[in-house]
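This explanation leads the reader step by step through one protein structure. Please keep the sequence and the model in view while reading.

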Amino acid sequence: IDVLLSTSISNDTTCDVIDWGAECVVREDQIRVKNLKTEGRVVNRFSAIGYSMGGLVRRYLVGCVI
């Protein structure tokens with residue numbers, strides 16, 4: 001199990017639109033998956049959890065991945 005706490009969106013970052021924030025998180029997640037693969041680890045599933053605005057961002061992220 002590997003846990004990634006997204007840091008591309010925080011209280012210091014203005015997030016006016018869901019899709020902009022989600023694209024930042026998608027890039028962050030893609031980089032993490034790439035790093036895991038270079039370590040020889042396999043990613044065959046993932047869970048996305050978020051509260052309030054984070055939940056909307058994660059729902060958008062799942063839509064991008066599927």
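At 23% relative accessibility, Ser8 counts as partly exposed, because that class covers values between the 20% limit for buried residues and the 50% limit for exposed ones. The model in which this value was computed is a predicted one. Ser8 belongs to the segment before helix 1. Along the chain, Ser8 and Arg27 are 19 residues apart, and their C-alpha atoms are separated by 9.1 Å.

The overall plan may now be considered. The protein has 2 helices and 0 strands. Helix 1 covers residues 18–38, while helix 2 covers residues 53–65. The protein comprises 66 residues, of which 21% count as buried. When contacts between residues at least 6 apart in sequence are examined, 53% of them join residues at least 24 apart.

The loop between helix 1 and helix 2 is the next stop, and Val43 is found there. Is Val43 buried, partly exposed or exposed? Its relative accessible area is 33%, so Val43 is partly exposed. If its neighbours within four places in sequence are left aside, Val43 is in contact with Val33 and Leu36. Val43 can also be compared in position with Ile1: the two residues are 42 apart along the chain, and a distance of 9.6 Å separates their C-alpha atoms.

Attention now turns to the charged side chains. How many salt bridges does a search of the whole structure find? The search finds 2. In one of them, the side chains of Arg58 and Asp29 meet at 2.8 Å, N to O. Arg58 lies in helix 2 and Asp29 in helix 1, so this pair ties together parts of the protein that are 29 residues apart in sequence. Arg58 counts as buried because its relative accessibility is 14%, a value under the 20% limit. Asp29 is likewise classed as buried, at 16% relative accessibility.

In the other salt bridge, the side chain of Arg41 meets that of Glu39 at 3.9 Å, N to O. Arg41 has a relative accessible area of 37% and is therefore partly exposed.

Which residues does Asp29 contact when its neighbours within four places in sequence are left aside? They are Leu4, Ser6, Arg58 and Leu61.

The largest pocket holds about 1100 Å³ of space. Its lining is formed by 32 residues, and those nearest its centre are Asp2, Leu4, Asp29, Phe46 and Ser47. Helix 1 and helix 2 are the elements that give two or more residues to this lining. Helix 1 gives the most, with 7 residues.

Definitions and conventions
Residues are numbered from 1 along each chain as its sequence is written. This is a predicted model: local features need pLDDT of at least 70, side-chain atom pairs count only at pLDDT 80 or more; totals for chains, interfaces and linings use all residues. Side-chain values use heavy atoms; hydrogens and water are left out. Helices (H or I, at least four residues) and strands (E, at least two) are DSSP runs, numbered from the N terminus. Buried means under 20% relative accessible area, exposed over 50%, partly exposed in between (1.4 Å probe, protein chains only). Contact means heavy atoms within 4.5 Å. A salt bridge is a side-chain nitrogen of Lys or Arg within 4 Å of a carboxyl oxygen of Asp or Glu. On a 1 Å grid over the protein atoms alone, a cavity is a set of points where a 1.4 Å probe fits but cannot get out, and a pocket is an open set with protein on both sides within 12 Å along at least five of seven lines; lining residues have an atom within 4 Å of a point. Grid points are joined across faces, edges and corners, and a volume is the space filled by probe spheres set on the points.
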